[in-house]
Amino acid sequence: MMEHLDLVIVGGGPIGIACALEAQKKGLTYVIIEKGPIVNSLFNYPVNMQFFSSSERLEIDNIPFISKEAKPKRSEALEYYRRIVSSNGLRIKLFEKVDQVVRSDDGFSIKTDKNEYQSDNVVIATGFYDLPNTLNIPGENLPKVSHYYGDPHFYAHQKLAVIGASNSAIDAALECWRKGAEVTLIIRGPEVGKRVKYWVRPDIINRIEEGSIKAYYHSRLAEVRATEIVVETPEGTTVIENDFVLALTGYRPDFGFLEKLGIVLSQDEKRIPSYDPQTMETNIEGLYLAGVICGGMETHKWFIENSRVHAKMIVSNIVAHTDNKEPMNTK
């Protein structure tokens, strides 16, 4: 007989883990389902990435996060969240992908590529890091183009174009340049992004001004070729020799998955999902959102530090419904 749970949490990132901790404290039966390793998104961050937030702002459930510097590195965050999962004995299914969530009068049926689950409630805490914003230009599918950045060593002594002006693009440009890459920055706007980390922004501006890194402003990558790229600039189209392209133009939630669940999205370009800000419950009873996925395309508005509270809000609402024994119905 299939186990019937109080809660299924889709996504094993920091906020999904926070939801599991809260559910466990309240005596709810639950499971986290994560399609990759623990905190999959953080695992896929650049190897040398340093958080903008200080360590205490990344803490969940008041569990201290001790780091060497005020702003921790990726490796320290992986250690922190992994130890929380292990030391608290959290129930988590890794490398298991959710394929379908279906609502009925009996709750939710969740099908993955490995198992099936029944649950009264579901939390979607999947983040947004899996789907890059594509450029939709010729040559974007060439092997030399990547929407993810890992280790700068890979680009040593190569001609590298970095597309974007955000933290990820600027970090990659600086790190790769320091490892010996010949770096060209292509920026759609008039300057380096205002939200770039305050200790990094002066560094990249100085490197551009001294000529160490070439920057094209008000420009766009128009085409990628085997050994060159085509860039449209205010002065006209230019062709640049090139070995690799890092198109770090941001990411977006899986809106198709949310719509398949029946969650209403705003019809403007923000695509913000419908949910009650007091409980995080969507327009589907018993189906909740947690973390950055709540922001739709405004992925810069939600972080670990301001969405970790979602766990208490969600579990409190579930417990209240359970205590009141409210009948569930499909909206």
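Two strands count as paired if DSSP finds at least two bridges between them. Strands themselves are DSSP runs (E, at least two residues), helices are runs of H or I with at least four, and both are numbered from the N terminus.

A word on the model: it is predicted, so local features need pLDDT of at least 70 and side-chain atom pairs count only at pLDDT 80 or more, while totals for chains, interfaces and linings use all residues. Residues are numbered from 1 along each chain as its sequence is written, and side-chain values use heavy atoms, leaving out hydrogens and water.

**Exercise 1.** Find the residue that stands opposite serine 146.

*Solution.* Start with the open sheet of five strands, whose order is S8-S15-S9-S10-S11, with parallel pairing. Its edge strands are S8 (145–146) and S11 (214–216), each pairing on one side only. Next, look at S15 (residues 244–247), which runs parallel to S8 and is joined to it by two bridges. There, in S15, you'll find leucine 246 opposite serine 146.

**Exercise 2.** Work out why the radius of gyration of the chain agrees with a compact globule.

*Solution.* First take the rule: 2.2 Å times the number of residues to the power 0.38, with the radius taken over C-alpha atoms. Then check the spans of the C-alpha trace along its principal axes: about 65 × 40 × 35 Å.

**Exercise 3.** Say what share of the residues is buried.

*Solution.* Buried means under 20% relative accessible area (1.4 Å probe, protein chains only). By that cut-off, 50% of the 331 residues are buried.
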